[in-house]
Amino acid sequence: MIGDCSDPAALEGAAWMLCYLTTPKHMNFYWSFLTVLGLLAVTVPFIMAFGLAGAFAKRARIAPVRWLGGLYTTMVRGVPDIVFFLFVPIALDQGIEYLRHRVLCPEMSGPVWVGNDFVVCAAAKAPLSTASAFVHDVYGFALAVVAYAIVFGAFAANVIDGALRAVPKGQVEAAEAVGMSPGQIRRRIVLPQMWVYALPGLSNLWMILVKATPLLFLLGIEDIVYWARELGGMKTQAFDYPHPDWRLWYFGALMIFYLLLTWVSQIGFGRLTAWASRGMAGAR
């Protein structure tokens with residue numbers, strides 16, 4: 001902060017604005033941008049892991065595995081995303097607490113469901129009530145990562161499955177003719193070419209993932225949309241920094257942030273496509 005911000009009522013002009021933009025709530029607002037970027041960075045590897053697992057499961061020779069892959073992609077795609085974003089964290093949280101309850105509190109043999117209440121011993125709470133706010137934030141963030149990975153992994157599985165089917169069968173047959181093993185064919189022939197066909201669909205999925213980050217608010221995480229609404233709303237004289245309704249400006253800043261992120265993403269996927277297409281005539 002610049003200058004003395006201890007008495008906002010005595011400030012005016014640029015000094016008032018500088019102090020206003022450096023309040024603790026604004027620091028949380030700025031930090032929430034990193035939270036969104038961190039979610040994207042951490043979630044993408046898990047999405048790809050779920051996507052690859054789901055795609056190969058759908059193509060498995062073992063029928064139960066193939067059915068499981070089809071069930072996963074169909075179920076997630078057929079249920080509204082918001083349902084999974086609410087269901088997965090709650091189910092995981094209660095599952096973890098139930099297991100901890102059975103292990104840490106064996107003397108309590110009664111049911112954990114009492115009417116509509118989910119009751120476990122204090123030692124089974126995840127995280128513990130004595131844990132710091134940082135631990136609670138990390139725990140909630142981890143549950144959000146799992147929810148996003150499961151939902152978008154199902155869509156990625158369909159994209160990857162279609163890309164695997166698009167690889168010319170003649171090349172696979174030629175690789176078999178020269179004596180390459182199935183593992184070698186997958187690593188050297190199928191997967192390198194699969195990315196050329198998968199990247200357009202994955203780029204669209206990435207854009208949808210970026211636009212879905214405001215759903216973090218549903219999971220109890222104070223994201224950029226939450227803080228934009230909180231800070232932009234009209235503040236009366238009861239607040240340190242009273243101001244009219246500035247939500248237009250805050251949400252305009254979010255629009256610029258998402259447009260810049262989209263622009264950078266398009267450049268990145270363009271370069272990825274060029275790299276994956278190297279040596280393939282007509283693939284570009």
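The model is predicted, so local features need pLDDT of at least 70 and side-chain atom pairs count only at pLDDT 80 or more, while totals for chains, interfaces and linings use all residues. Residues are numbered from 1 along each chain as its sequence is written, and side-chain values use heavy atoms, with hydrogens and water left out.

Let me begin with the pockets. A pocket is, on a 1 Å grid over the protein atoms alone, an open set of points where a 1.4 Å probe fits, with protein on both sides within 12 Å along at least five of seven lines; its lining residues have an atom within 4 Å of a point. Volume here is the space filled by probe spheres set on the points, which are joined across faces, edges and corners.

The largest pocket holds about 630 Å³ of space. It has 13 lining residues, and Arg59, Arg61, Val172, Arg186 and Val190 are the closest to its centre. Two or more lining residues come from each of α5 (133-166), α6 (169-177) and α7 (182-212). Helices are DSSP runs of H or I with at least four residues, strands are runs of E with at least two, and both are numbered from the N terminus. The largest share of this lining, four residues, belongs to α7. By class, the lining has seven nonpolar, no polar and six charged residues. Nonpolar covers Ala, Val, Leu, Ile, Met, Phe, Trp, Tyr, Cys and Pro; charged covers Asp, Glu, Lys and Arg; the others, Gly among them, are polar.

The second largest pocket has about 510 Å³ of space. Of its 18 lining residues, Trp31, Thr35, Asp137, Phe141 and Ile221 lie nearest the centre. Here α2 (24-58) and α5 are the elements that give two or more residues, and α2 gives the most, with seven. This lining divides into nine nonpolar, seven polar and two charged residues.

I turn next to the surface. Met255, Ile256, Leu259, Leu260, Trp263, Val264 and Ile267 make a nonpolar patch of about 720 Å². Such a patch joins nonpolar side chains (Val, Leu, Ile, Met, Phe, Trp, Tyr) within 5 Å, from residues with over 30% relative accessible area and no salt bridge; areas come from the Shrake-Rupley method with a 1.4 Å probe, and for residues only the protein chains shown count as cover. Met255 sits in helix α9 (residues 247-276) and is exposed, at 52% relative accessible area. Exposed means over 50%, buried under 20%, and partly exposed in between.

One backbone feature deserves mention. The peptide bond from Ala126 to Pro127 is cis, with omega near -10°, and Pro127 lies in the loop between β2 (117-118) and α5.

Finally, the salt bridges, of which the whole structure has four. Each is a side-chain nitrogen of Lys or Arg within 4 Å of a carboxyl oxygen of Asp or Glu. Glu230 and Lys25 meet at 3.4 Å, N to O; Glu230 is in helix α8 (residues 224-232) and Lys25 in helix α2, 205 residues apart. Asp161 and Lys58 also pair, with their closest N and O atoms 3.8 Å apart. Asp161 lies in α5 and Lys58 in α2, so this pair ties together parts 103 residues apart in sequence. Both residues are buried, and a network of salt bridges links Lys58, Asp161 and Arg165. Arg247 and Asp245 form a salt bridge at 2.6 Å, N to O.

Notes: Patch = residues over 30% accessible without salt bridge, like charges linked within 9 Å, V, L, I, M, F, W, Y side chains within 5 Å. Buried < 20%, exposed > 50% of the residue type's maximum accessible area, 1.4 Å probe, protein only.
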